[in-house]
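Welcome! Please take a look at the structure below, and then let us walk through it together.

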There are 2 protein chains.
Amino acid sequence: MGKNVVAGIDIGGTNTRIGLADDEGNVLLGTCIATDKHPVADMYVEVIYNEIETLLKGGGSEPYGLIGIGIGAPNGNYHTGCIEDAVNLPWQQVPLTAALNRYYPTLPVKLTNDANAVALAEMVYGDAKGLKDFIVVTLGTGLGSGFVANGDIVYGYDGLAGELGHIIAIENGRECNCGRCGCLETYASATGIKRTVFELLCNSAEKNDKSVLRDIDFHNLSAKDIDKAAREGDSIANKAFEITGKILGKCLADMVAVTSSSHIFLFGGLAEARELIFTPTIESLKKNILFCYKNKETGEPKVKILPSGLGNKDTGIIGAAALIWKDK
Amino acid sequence: MGKNVVAGIDIGGTNTRIGLADDEGNVLLGTCIATDKHPVADMYVEVIYNEIETLLKGGGSEPYGLIGIGIGAPNGNYHTGCIEDAVNLPWQQVPLTAALNRYYPTLPVKLTNDANAVALAEMVYGDAKGLKDFIVVTLGTGLGSGFVANGDIVYGYDGLAGELGHIIAIENGRECNCGRCGCLETYASATGIKRTVFELLCNSAEKNDKSVLRDIDFHNLSAKDIDKAAREGDSIANKAFEITGKILGKCLADMVAVTSSSHIFLFGGLAEARELIFTPTIESLKKNILFCYKNKETGEPKVKILPSGLGNKDTGIIGAAALIWKDK
């Protein structure tokens, strides 16, 4: 038997990526299938099985030794092994781990949601190695999070913990897709900063605040555009980052009061704006944090807010694989 | 050797209560010393040692078998075993577990803060038996909390987790003793509801809102007075409970989004108002909670908000003792 690997499966609305990951977070071989072309869940699982078997033989003379399967998916529930109510997937309530266990009855098969998978990847392969109490915040289209306490992911009673994107950041604030108002992700996410730009464009006089962002429509405006504009001195773009960081930092200060985390890692598209988002976030955290979480001598918060240490690793696959490698 | 016991030590600003607790949460023998009469920490520890030894001999012909010592104290840090910066205690930065371990070098000696001790008591002897993910909120002079995730207390990186009383409930809200504004405990605590009564008395016309609470000064007004007035139909008192529950329920909804807890236990003076505080809290939680934490069929929140199941047990002592019994 060749090298031991875990099959990491990263399920998205359009594509499902499957890779064989070693214990150092390298994806040795990978492939991709179309999620949305498989409306029947059982057939989708069979295709995944076939792809895994093909990949395992790709190791040359000695096929890879599969020691487990990890899956990351929107609304993936660790406790039940089911994908539950994911609006962008073709099926509902799929008992995914049970279905894969029929093909691999003796192997561990585990499932979690995307943000927890990133937190696991950070813990097993990234800059959270050895940390016991930290938070990972994914700033993409929405805001996801994975909380780690006492060295374990907080899944919660029903496996649905970590919805930091849906704490109420601003009372009676922006409408959220969840049906409520003021959720953190309506402010602190790629979509949130875009909405902030539009709020600023609406509120500011064109004469005073010239901005290239007035030439981009809502659908085409991206966090990257705002990043680029900010670096070129655009005042609207810079203000948008400041507002985003201010709201995010305030909510993170509350989270530190509850969890006493040592580190908060920011991951995803918006986090790639680096100092543009980190500086106002850290400043706001510092302003809002309870005194006992500050270093007595320096007055600085003890918690470190850092960019993810995963670099260019294929996070979706290795995060899923980390579900298995974590316990090896 | 007689029955196995744990010495539970409950340290308050005025008194320190010491008791021998069995594995069922019964305090077999107990005593009390004055905390504030012992300005020298070493001598205080020696007195505690002598009291424990005296209690152990109180078992009759067979002295009790001491299997460990648990301590609950304001600002007690589980990780370091130190009391840190407790403003109401005579000493600062006392390495309490190390000091007691000098007398009992082979026994486990553990320390935590008051609210975590209540959470442990609830887990070991109360209604949280067998629960893995729950929150205990103590509504006394301030608001304390203990979070349990994956069956363990969340102590956090520096042992100071669980400061739910100091998340910002109302932006730019009431001044808090911590130096910031709008902390949850300035609203949801015995002191908080008193402040709410005064806000209502200030805002409402005496002609429309007759209230017996206008005859009690701030220092003498207690949560019990407000409770009594509310039950007699006093509109100010009833409004005060409604406002308190509304703010508490909103913050608890945020906490469920992060922790996906199955139960939240309310403990302490204000919780004794029972339905007066539970009804508006549960209503507000229901209004503010994210859809995935509701039962799909009934629309009710899955999390249960309950009064503590500890009844008349001596929580301070048995909570401290539970630090040791939990792992037996």
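Predicted model: local features only at pLDDT ≥ 70, side-chain atom pairs only at ≥ 80, totals over all residues.

## Two chains and an axis

Residues are numbered from 1 along each chain as its sequence is written, while chains are lettered from A and ligands numbered from 1 in the order in which they are written.

**How the copies are related**

**Where the chains meet**

- Chain B gives 33 residues to the contact and chain A gives 33 residues; two residues are in contact if their C-beta atoms, placed from the backbone, lie within 7 Å.
- On the side of chain B that touches chain A, strand E10 (143–149) and helix H6 (235–259) of chain B are the elements that give two or more residues. Helices (H or I, at least four residues) and strands (E, at least two) are DSSP runs, numbered from the N terminus.
- H6(B) gives the most to this side, with five residues.
- This side of chain B divides into 16 nonpolar, ten polar and seven charged residues. Here Ala, Val, Leu, Ile, Met, Phe, Trp, Tyr, Cys and Pro count as nonpolar, Asp, Glu, Lys and Arg as charged, and the others, Gly among them, as polar.

**The domains of chain A**

- Chain A is assigned domain 1 (4–126 + 313–325) and domain 2 (134–307), with bounds that come from an automatic or database domain assignment.
- Twelve residues from domain 1 of chain A and 14 residues from domain 2 of chain A make up the contact between them.
- Helix H3 (residues 114–124) of chain A supplies the largest share of the domain 1 side, eight residues.
- That side of domain 1 of chain A holds six nonpolar, four polar and two charged residues.
- The C-alpha centres of domain 1 and domain 2 of chain A are 29 Å apart.

**Buried parts**

- Is H3(A) largely enclosed or exposed? Eleven of the eleven residues of H3(A) are buried, so this helix is largely enclosed by the rest of the structure. A residue is buried if 20 or more other C-beta atoms lie within 10 Å of its own, exposed if 12 or fewer, and partly exposed in between, with C-beta atoms placed from the backbone.
- The buried residues of H3(A) include Asp114(A), Leu120(A) and Glu122(A).
- In the largest nonpolar core, which has 212 residues, Ala321(A), Ala322(A) and Ala321(B) touch the most other members. Such a core is a set of buried Ala, Val, Leu, Ile, Met, Phe, Trp, Tyr and Cys residues joined through C-beta atoms within 7 Å.
- Leaving out residues up to four places away in sequence, Ala321(B) touches Val6(B), Gly8(B), Ala21(B) and Gly70(B).

**Sheets and strands of chain A**

- Three strands form an open antiparallel sheet in the order E5-E6-E7 (chain A); two strands pair if DSSP finds at least two bridges between them.
- Strand E5 (76–77) and strand E7 (94–95) of chain A stand at the edges with a single partner strand each, so one side of each is left without a neighbour in the sheet.
- Within this pairing, Cys82(A) stands opposite Pro95(A) in E7(A).
- Another open sheet, with mixed pairing, has five strands in the order E11-E10-E9-E12-E13 (chain A).
- Strand E9 (residues 134–139) and strand E12 (residues 263–267) of chain A run parallel and are joined by five bridges; Phe134(A) stands opposite His263(A) in E12(A).

- Asn172(A) sits in the loop between E11 and helix H4 (190–203) of chain A.
- Its phi is near 55°, a positive value in a residue other than glycine.
- Asn172(A) counts as exposed, with 7 C-beta neighbours inside 10 Å.
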